[in-house]
Amino acid sequence: MMFAYLIKARPKAGMPNMFTWFDCKSESRADREIMNILEDNDIETGRGADYMLPVRTNVPVFDDLPEERVLDASWGERYELADDSKTWQKIVAVVDATPESPVIADAPTTEIIATAETSSAPTATADITTADKDLVVDANDGDLTEYPVAEMAFGRRLLSQLISTVTAHHIKHAQRVQIMEMSLDTDNSYVQNLLLAARNAPGLEDLSTAQLWEYTYAIKTVFPMDKRHELTRVVQFSNLWLTTEHIDRGILVREWTAGNYITSVPRTPSGATAGGLNKTDRSPDLEHTLDTLDIEIAGALLPMDFDIYNIPGSIYRRAKEMIAAKESPWKEWSRKLRHCPGILDYSRAAIFAVVRSAAPNIHMMPGTHQAWISAKLTETDHANPSAEILAIAMGSAATGTSIETSNNAGSEQSKPDLDSASTQPEVKRISATVFSIEGLMGDQKIDNPVINTPSNEVEKQEKQPVETVINEPVEATNGNEIAGGAAVSAGESSDADGEEVLAIEQPAAEFPAYFEPGRYEGLPNDVYHGANGISSTQVKDARVSLMYFEARHVSKTIQKARSPVLDMGNLVHALALQPEDLDKEFSVEPVIPDGAFTTTATIRAFLDEYNAYLPPLMSADDIKAALEEYNATLPAQVSLGASLEETGQSYMVLPTEYQRIEEGQKQTATAMKACIKEYNATLPPQVKTTGSREALLEQLAIINPDLVAQEAQKPQQLKVSGTKSDLMQVVKSVRPDAIFADELLDAWRENPDGKVLVTRQQLSTALSIQKALLNHPTAGMLLTHANRAVEVSYFGIDEETGLEIRVRPDLEIEMGGPRIGADLKTISMWNIKQEGLRAKLHREIIDRDYHLSAAMYCETAALDQFFWIFVNKDENYHWIAIIEASPELLELGMLEYRKAMRAIANGFDTNEWPAPITEDYSEELNDFDLRRLESLRLA
């Protein structure tokens, strides 16, 4: 493969530029070889040297190429780079007019006569001035000779693009003759009008050749060449085209071609196209703007039903009051709808319907609010709203009103409803980079921007009630009510007064499967990362190696699943840039509330305390004493005796009727005991006084069942022994609402939503970093700027390779002209000495390809300046460095980005994805190793 390089000299060096070419196996080897050639010729490049780093160009095809690997200092005298900065072209010298030349000087006119079909050396007779260099021809020029457009006068440069189907950097002789004839043809009103319009469009002469072609293509599209057009229209369009942003010029051309002579492209506060150029159900005489949209939102929020195409004066006045006072929920609805791309294209009926069909408190839940709008704003025919939409928008006013009548947008009655001639708020410039927005806030003042943080971490502030004046009572047909029969979801209730507490399921937002080039706000992370286009991260992967790029992003054999382990950088990023979305990605460790059970000891303490307040139960000893007392009241049993004598004594105390041994019979111990037993059987039995408490209670129930029943009704003492889980269940048996720290933390760790888990300690560190960022004079200004936009996604086409690309800078700020971009980066450099920090940060930028990403952001997102906000994340050491990307750094990043994109494109074209090392090589010693080797040899 052949490679060519230009080595440019710095202007202050006074040295000529040099050129060389050579054959090499690969681009990487060619980049190394050119440095070897320069070193062999003792030419230093880079910072502080006379020559800049070599730039690779297209290989020229000329007969006078220098020898291979020879640095040619005279090449720049014969050839120059075209507008693409890649292609070499011959420098066309102006030949002095002589008597032998076909150019005749000192003549009053500039007419040229030539025939392209004649010999290779054209003949021409001309009466021109010597200053008209466009007509100067060389005797050796032929029909195929090309003339550089850049050297022509402006009018002819313009006409050269007018007659070309693509950007023309060179024209042939016949085309040059055609241009001259067109410029001199006073009867050609189209060309003359174009030339006059160009002279009345300041800045047109400064356009590049490619931009001039875009301009003439737009002119031919809006003003066809086969028709006559008013000069004033051409002048007006030319000036508008010049002052319109490049991304909006297509819309400008489309509308003018359709006869809609717009003067600007409406945009939302976030920069997306706001629409308003299509036909809707509104009066064609009404200029629909974001301000008139606010009036419609306010009218829709009022509870009264009315004809939305003939709004009563009282409704209109109340809507204006609501806007002036910035009442809720109008301000939340306005903020959401104003940021919707194409919002001005939706019909008035659709705006009323989406507001009136929503639940009353939906504005208090930003995520649900946005999802509702995304799900409901699905109208396609904006000029003819459906009957369903009209019914919701009009309410009871729609009864008896036909759709045709309601849609009579051209009626004169609809004109005064939305008067947009009111005084517009003013944004005042305080300095070059600071603006005051007090004019936008009315009587309200903004002291310091507030960034929401988790409620448990910020100081609680009193919420002042928002009073909304409603002139009429809410009717039963209020469109804000939830439709009858709708199921009430969990967390939703209605109180006795009919006021609803809303908790509705968030509709899933829909996103396109393919993103066209443009600017997109609010794309979730998974949608952006799964979208079409090569991101800066993918470009960095290609710089690792094309083999790695293919495995990660083409065949996807290397999968990198998102780690659930906390990345402090992501947490800081969320807190600093989008604190309101913290819960979407992170799950913060729950706060253990006061009174929760944390340890086994706290559980046992509760059980002991609970038992202490219970009425005491009878102990076994108490029951035994009661039984013994009862037994003591009973007649004593006669003892049987242990001996004959004792038995006889017991027998003698028996009543006479139980002494049944007749006289003369022998009084044996057995006979006497039988009599004693018979007597004892007639006595009341004594209860047992031994055994367990339960057994004693059974005995007590015999003699005192009421006492035992009372004992049974007493609460039982709780068990105070067992495992921790057993004791937790015991507590729940008497206190179902008990909170246990273990259960809270276990539920958090289960993480059913797959979020990143954040401990309280980690959150505390991140909040400290957030505080340091917001308190920093520069970082705080950038992160809280009124015109900031966060995580905006841009999709585009790489011009050189035609590959789709996408970028997503952390932060962008519109400064009323210049656009600033920034990325927030967390680092850990606690052990880097102060003198070495700048060098370390530079290596961080280069090694991680931050400069490449910045260049890609600036090009795709049209950013004029780019900053990095570095913050050290080590505990209690949160210093901040604001670093601006210099033009040279961005240029380096752009060149490296271009090189990687060419390699990616080549990989897709050839399906070859080489490994990072493709050749065998011999390891050489560096200078340090060589010195060590030499010292060891001499030792």
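Author: Contact means heavy atoms within 4.5 Å. Keep that in mind. This model is predicted.

Reader: Which residues is Phe 870 in contact with, leaving aside its neighbours within four places in sequence?

Author: The list includes Lys 825, Ile 827, Leu 841, Glu 844 and Ile 845. Tyr 850, Trp 879, Ile 880, Ala 881 and Ile 883 are also on it.

Reader: How do I read a nonpolar core? Which residues have the most contacts inside the largest one?

Author: Look for buried nonpolar residues joined through side-chain atoms. Here the largest such core has 41 residues. Phe 870 is among those with the most contacts inside it, and so are Val 539, Phe 866, Trp 868, Tyr 897, Met 901 and Ile 904.

Reader: Which elements each supply at least two residues of this core?

Author: The helices are H18 (536-544), H19 (546-553), H32 (837-847), H33 (850-860) and H34 (887-910). The strands are E19 (804-807) and E22 (865-872). H34 gives the most, with eight residues. There is also a second, separate core of 40 residues, which includes Leu 290, Leu 337, Val 355 and Leu 377.

Reader: Now pockets. How is empty space found?

Author: Roll a probe the size of a water molecule over the atoms, and it shows where empty space is left. In this structure, the second largest pocket has a volume of about 1,200 Å³. It is lined by 31 residues; Ser 26, Glu 27, Ser 28, Leu 546 and Pro 914 are the closest to its centre.

Reader: Which elements give two or more residues to that lining?

Author: Helix H1 (27-40), H18 and H34 do. The largest share, seven residues, comes from H34.

Reader: How many lining residues are nonpolar, polar and charged?

Author: The lining of this second largest pocket has 13 nonpolar, six polar and twelve charged residues.

Terms used. Residues numbered from 1 in each chain as written. Predicted model: local features only at pLDDT ≥ 70, side-chain atom pairs only at ≥ 80, totals over all residues. Heavy atoms only, no water. Core = buried A, V, L, I, M, F, W, Y, C linked by side-chain atoms within 4.5 Å. Buried < 20%, exposed > 50% of the residue type's maximum accessible area, 1.4 Å probe, protein only. Helix = DSSP H or I, 4+ residues; strand = E, 2+ residues; numbered from the N terminus. 1 Å grid on protein atoms, 1.4 Å probe; cavity = no way out; pocket = protein on both sides within 12 Å on 5 of 7 lines; lining within 4 Å. Points joined across faces, edges and corners; volume = space filled by probe spheres on them. Nonpolar A, V, L, I, M, F, W, Y, C, P; charged D, E, K, R; others polar.
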